[in-house]
Amino acid sequence: RLKRFLIKAGYRVTTMDASGAHGPVEILFSIIRRRQLARVERVIRRCSPRAFYTIEDVRFASGPEPLAGRFRGRPQLRSLISRRKGK
């Protein structure tokens with residue numbers, strides 16, 4: 001649900017299946033501009049209130065433009081979101 005919302009809102013999301021302390025989890029990676037962070041945090045709390053996430057400062061990212069289309073410019077933050085599958 002959270003992944004679908006972020007993608008629909010125009011954010012690029014990469015997922016990875018992993019194993020957590022209480023079973024399988026899905027990890028979501030996304031690069032988010034600093035000014036968009038408050039909105040994304042509200043979405044996380046609404047969609048997955050028990051989600052664990054970290055916010056890290058990104059100084060450099062190589063490769064193709066990570067945020068295409070309406071989100072142009074250098075990415076500022078990377079958010080790592082983990083949630084239990086089926087929740």
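This is a predicted model: local features need pLDDT of at least 70, side-chain atom pairs count only at pLDDT 80 or more; totals for chains, interfaces and linings use all residues.

Guide: Residues are numbered from 1 along each chain as its sequence is written, and side-chain values use heavy atoms, with hydrogens and water left out.

Visitor: How many salt bridges does the structure hold?

Guide: A salt bridge is a side-chain nitrogen of Lys or Arg within 4 Å of a carboxyl oxygen of Asp or Glu. Lys3 and Glu26 form such a pair at 3.6 Å, N to O. Arg34 and Asp57 form one at 3.5 Å, N to O. The number of salt bridges in the structure is two.

Visitor: Is Glu26 buried or exposed?

Guide: Buried means under 20% relative accessible area, exposed over 50%, and partly exposed in between (1.4 Å probe, protein chains only). Lys3, with 28%, is partly exposed. Glu26 has 12% relative accessibility, so this residue counts as buried.

Visitor: Which strand has the lowest confidence in the chain?

Guide: Confidence here is pLDDT, the predictor's score for each residue from 0 to 100, and strands (E, at least two residues) are DSSP runs numbered from the N terminus. The chain averages 76. The highest mean, 94, belongs to strand β1 (residues 14–20), and the lowest, 43, to residues 77–84, which form strand β4.

Notes. Helices (H or I, at least four residues) and strands (E, at least two) are DSSP runs, numbered from the N terminus.
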